Amino acid sequence: MKQFSEDFIWGTATSSYQIEGAWNVGGKGLNIWDVFSKLNGKTAGGDTGDRACDHYHLYEQDVKMMAELGIKAYRFSISWSRIMPNGYGAINEEGIAFYNNLIDSLIAHGITPWVTLYHWDLPMALQMEFDGWLNPKVADSFAEYARVCFDQFGDRVKHWITHNEPWVVSILGYGQGVFAPGRISSDEPYLAAHQILRSHGKAVNIYRTEFAHQAGRIGITNNCDWREPLTNDEDDKRAAQRALEFFLGWFADPIYKGDYPKVMKDQLGDRLPALTNEDKELLYGSSDFFGLNHYTTMFAQHSTESNQENNVKGNGGIFEDQYVKLSVDPSWAKTSMDWAVVPWGLQKLLEWIHERYNAPEIIITENGCAWDDQIDANGVVNDEQRVAFIKGYLGACHQAMENGVNLSGYFLWSLMDNFEWASGYEKRFGMTYVDFETLKRTPKQSALWYANVIKQNGIDS
Ligand code: PNW
């Protein structure tokens with residue numbers, strides 16, 4: 001039997017748009033997922049988070065459920081437009097009250113809150129007025145919003161995560177257009193990522209300078225799959241390394257090494273915005289822990305052609321910038337989202353992070369799997385696949401720790417079934433690509449387009 005230390009942090013995770021519902025009550029402003037999910041063809045079955053798990057109304061019973069499960073730590077995110085309906089300026093007291101009640105209830109049940117400030121639900125006004133993360137102004141608005149949260153909740157919240165998975169926002173939101181705000185571009189992912197990173201740096205600076213007395217910790221969560229060289233060929237080994245640097249190095253290098261990976265700078269030239277000295281100073285050392293979300297593994301193979309990742313339509317974007325061909329072993333088990341189950345990939349990734357970033361404290365802020373319930377003959381849910389998945393991945397964590405990796409916590413995704421973004425509430429189409437209708441929309445047009453969508457769908461809050 002493998003043992004984890006007494007003080008290892010065990011928790012579960014959720015995010016605001018995926019569970020809260022109550023999209024147009026309590027003074028909340030619209031956000032990009034409220035709108036995006038209502039667009040034709042953007043989510044499986046036209047599902048939205050309008051109601052989701054109705055956590056906004058049912059949070060007390062949800063917290064009780066967590067306590068009964070013995071959960072000691074809970075990672076949730078704050079809906080920016082519930083706190084600031086326009087993303088800047090006026091504060092919504094009802095939104096503040098909701099999170100105060102949730103935090104108090106968690107603490108009363110002995111559950112430590114871990115709070116993410118941004119899990120993809122950007123206030124709609126910031127998208128329409130400023131084109132979202134393409135605009136440096138939005139980084140400043142984020143910092144302003146972060147300050148409000150530290151000020152209101154920081155007396156009780158001691159664990160902060162600025163952003164969840166900037167890779168997903170940048171690639172799926174600005175590159176492939178499958179997530180809000182639905183933009184399709186080869187260059188915008190690099191621009192969006194740049195402003196997200198800057199916003200992180202600004203928020204951390206505010207926390208460390210203005211709220212030091214709160215004595216909490218703050219970091220960022222990045223997601224990364226493992227990339228295993230397909231063969232022992234030096235070219236394939238370099239391809240796997242390159243793929244990891246384009247995936248995780250993109251966001252972690254500025255924080256742990258002070259700049260974007262060289263391989264990205266060389267390959268992208270001025271398509272990759274440069275970090276100014278001021279940016280670098282804000283970013284370097286700006287995470288008290290290494291937040292990691294990990295779900296799956298793929299093989300990487302060197303390719304002389306500019307290649308696309310499986311399942312991603314080419315648009316001259318990041319997958320074609322890497323010269324890496326990805327594949328999976330057909331014998332690997334797959335979850336309902338088609339993600340391969342490869343526990344040793346997590347062990348290798350943890351060890352890669354340990355090496356590259358000089359042994360940081362790592363916290364797995366998400367890991368888990370989507371599967372239909374397995375119902376046995378007595379009508380009882382018997383999740384053998386899920387149990388096997390979790391055992392496998394926790395075993396990999398343990399092995400990495402035995403090899404010296406400084407891993408201090410694990411949050412299972414998720415606390416409860418919830419709105420899975422483009423996949424809605426069912427697996428139906430996972431990470432499939434919907435349409436290219438948003439292609440080449442220029443910034444100004446996109447605000448008009450959104451205004452139209454809001455009007456046509458009668459969306460108003
Ligand atoms: C993460 N990918 O999303 C998110 O943090 C959660 O909100 C989500 O429910 C969970 O993982 C499961 O999907 C991801 O394409 C979405 O690589 C897509 C990818 C990775 C993570």
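**Close-up views of a predicted model**

View 1. For E420, the corresponding distance from a side-chain N or O atom to a ligand oxygen atom is 2.6 Å. The side chain of W421 also has an N or O atom 2.9 Å from an oxygen atom of the ligand. The protein buries 94% of the 460 Å² that the ligand exposes when taken alone.

**View 2. The shell around the ligand.** There are 18 residues around the ligand, and those that come nearest are Q18, H119, E366, E420 and W421. By class, the shell consists of 10 nonpolar, five polar and three charged residues. Helix α8 gives the most to this shell, contributing three residues.

**View 3. Helix α8.** This helix spans residues 166-174 and is mostly covered, with nine of its nine residues buried. The buried residues of α8 run from P166, W167 and V168 through V169, S170 and I171 to L172, G173 and Y174.

**View 4. The second largest cavity.** The structure holds six cavities of 30 Å³ or more. Two of the lining residues are nonpolar, five are polar and five are charged.

**View 5. Two cis peptide bonds.** The peptide bond from A180 to P181 is cis, and its omega is near 5°. P181 sits in the loop between α8 and α9, the latter covering residues 188-210. Another cis peptide bond joins W413 to S414, with omega about 10°. S414 belongs to the loop between β11 (407-413) and α16 (443-456).

View 6. A52 is not a glycine, yet has a positive phi of about 45°. The relative accessible area of A52 is 21%, so A52 counts as partly exposed, the cut-off for buried being under 20%. D54, likewise not a glycine, has a positive phi of about 50°. D54 is also placed in the loop between α2 and α3. With a relative accessible area of 12%, D54 is buried.

Terms used:
Residues numbered from 1 in each chain as written. Predicted model: local features only at pLDDT ≥ 70, side-chain atom pairs only at ≥ 80, totals over all residues. Heavy atoms only, no water. Buried < 20%, exposed > 50% of the residue type's maximum accessible area, 1.4 Å probe, protein only. Helix = DSSP H or I, 4+ residues; strand = E, 2+ residues; numbered from the N terminus. Near = heavy atom within 4 Å. Polar contact = N/O pair within 3.5 Å; in protein donor to acceptor, adjacent residues only side chain to side chain. Areas by Shrake-Rupley, 256 points an atom, 1.4 Å probe, with all protein chains shown as cover. Nonpolar A, V, L, I, M, F, W, Y, C, P; charged D, E, K, R; others polar. 1 Å grid on protein atoms, 1.4 Å probe; cavity = no way out; pocket = protein on both sides within 12 Å on 5 of 7 lines; lining within 4 Å. Points joined across faces, edges and corners; volume = space filled by probe spheres on them.
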